[in-house]
Amino acid sequence: MSPSSPLPRAVTARAHANIALVKYWGKRDAARNLPAAGSLSLTLDALTTVTHVAFDPALPADTMSLDGRPAGAGELGRTSAWLDLVRARAGIATRARVDSTNHFPTASGLASSASGYAALALAATRAAGLTLTARELSILARQGSGSAARSIFGGLVRLHAGTPTDRGADARSSDDDEAYAVALPSPLTSTLRMVIAIVGGGVPKTIGSRDAMDHCAETSPFYAAWIAAVERDLPAAEAAIAAGDVAALGALVEANALAMHAAAIASRPAIIYWQPATLACLATVRALRGAGRAAWGTMDAGPHVKVLTTAADADAVAAAMRATAGVTEVMISAAGGPAVVVEDAAAC
Ligand code: DP6
């Protein structure tokens, strides 16, 4: 970290969303947003957030727009509290204007907090005059949203929980220093594709991932078994990636997602993200596998099904998902790159 040019600066950064292949679902410290276990993801080229941050001495308070509309009080409060971390680090009190735009498919309902906080972490720190390492950015993004720590990096990414059993190679002293993401460079990355099947049709608003994972941890009889499964799945997924074994990775991806949802479904009261079309999509995925295609499904805090596949099978998988009842939109994404600065007004 090193301070750079003086305020006020205006910086625009871009980050891609990621889909977890081994899910993050549960925290060990809510205040610092520390995950209970590690996770592993693929950053996606097709889902992008662009965020502009300007620290402005004339502003009495932080302001924020999302897709051109003023952010709600909850969203603004969460962002403002997170911006305080950046201000404390930079030694400034100046308020910021944040404008964030998601370049996601229309009304997809896909979560944007991963790309959102990753783009915000890069834009806000630069605009505050800080230059952080990717690891420092990952830690800061994680404090905003756990999955965002992974969107600092492109391709396959591993988030270390920072627990005694899941520390990075060069772990340091505090929990916060140890819960960060790293890129997992692999020749597999260029062959992987994610087919995203949007399940539409009047889907009711469901509980967000933050509240849902806390409720699951507190009430699900399967939560401890879920965390134990993640601790087994992570090294197995890393071994499959190292071996370039897409089928082994895919089998783990689908099993891990089903285990997460099993734990969520067993919460009291239940958290059920699936719609009938979600199960129809999973049936299509099984049929594709039966026909020899590379296809493994995964679901997050919503009804949509993302299918891990290969470049060779992506078109056939997308066509089958498009033909599945209840699917309203399908897109194919390759791996995306890391978060980048696209404009730095102070640098012009
Ligand atoms: C199901 O990163 O949104 O997408 O840290 O509370 O902001 P917070 O949670 P968030 O949770 C993501 C949950 C998930 C799985 C994953 O991305 O690993």
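Okay, let's start with a term. A nonpolar core is a set of buried Ala, Val, Leu, Ile, Met, Phe, Trp, Tyr and Cys residues joined through side-chain atoms within 4.5 Å. Keep that in mind while you look at the structure, and remember that this is a predicted model.

So, how many residues does the largest nonpolar core have? It has 45, and the ones with the most contacts inside it are Leu21, Trp25, Leu40 and Leu249. Now, where do the residues come from? The elements that give two or more to this core are β2 (10–22), β5, β12 (192–199), α6 (209–219), α7 and α8 (246–265). The top contributor is α7, with 8 residues.

While we're on α8, have a look at leucine 252, which is found in that helix. Is leucine 252 buried or exposed? Its relative accessibility is 15%, so it counts as buried, because the cut-off for buried is under 20%. Leave aside the neighbours within four places in sequence, and leucine 252 is in contact with Asp233, Ala236 and Ala237. For a sense of scale, pick valine 330, which is 78 residues away from leucine 252 along the chain: their C-alpha atoms are separated by 23 Å.

Next up, helices side by side. Two packed helices are described by the angle between their axes and the distance between the axes. Here, α9 and α10 pack at about 145°, and their axes are 10 Å apart. The crossing of this pair is right-handed. Which residues make the contact? On the α9 side you have Cys281, Thr284, Val285 and Leu288, and on the α10 side Ala316, Val317, Ala320 and Met321. Sort the residues of that contact by type and you get 7 nonpolar, 1 polar and no charged.

Right, on to charges. Side chains of opposite charge can pair when their charged atoms come close. This structure holds 15 salt bridges, and I'll show you three of them.

Take aspartate 62 and arginine 87: the closest N and O atoms in this salt bridge are 2.8 Å apart. Aspartate 62 sits in the loop between β5 (39–55) and β6 (63–66), while arginine 87 is in helix α1 (residues 73–90), so the pair ties together parts 25 residues apart in sequence. Both aspartate 62 and arginine 87 are buried.

Then there's glutamate 238 with arginine 158, a salt bridge at 3.3 Å, N to O. Glutamate 238 belongs to helix α7 (residues 223–242) and arginine 158 to strand β10 (residues 156–159), so this one ties together parts that are 80 residues apart in sequence. Glutamate 238 is partly exposed, at 27% relative accessible area, whereas arginine 158 is buried, at 5%.

Arginine 293 is in the loop between α9 (276–290) and β13 (296–298), and aspartate 313 is in the loop between β14 (305–310) and α10 (314–322), so parts 20 residues apart in sequence are tied together. Arginine 293 is partly exposed, with a relative accessible area of 35%, but aspartate 313 is buried, with 11%.

Last stop, threonine 310, in strand β14. Threonine 310 is buried, at 15% relative accessible area. Skip the neighbours within four places in sequence, and the residues in contact with threonine 310 are Thr191, Arg193, Val246 and Ala294.

Note on methods:
Residues numbered from 1 in each chain as written. Predicted model: local features only at pLDDT ≥ 70, side-chain atom pairs only at ≥ 80, totals over all residues. Heavy atoms only, no water. Salt bridge = Lys/Arg side-chain N within 4 Å of Asp/Glu carboxyl O. Helix = DSSP H or I, 4+ residues; strand = E, 2+ residues; numbered from the N terminus. Buried < 20%, exposed > 50% of the residue type's maximum accessible area, 1.4 Å probe, protein only. Axes fitted to C-alpha atoms, helices over the stretch in contact; angles between N-to-C directions. Left-handed = near helix turned anticlockwise from the far one by under 90°. Contact = heavy atoms within 4.5 Å. Nonpolar A, V, L, I, M, F, W, Y, C, P; charged D, E, K, R; others polar.
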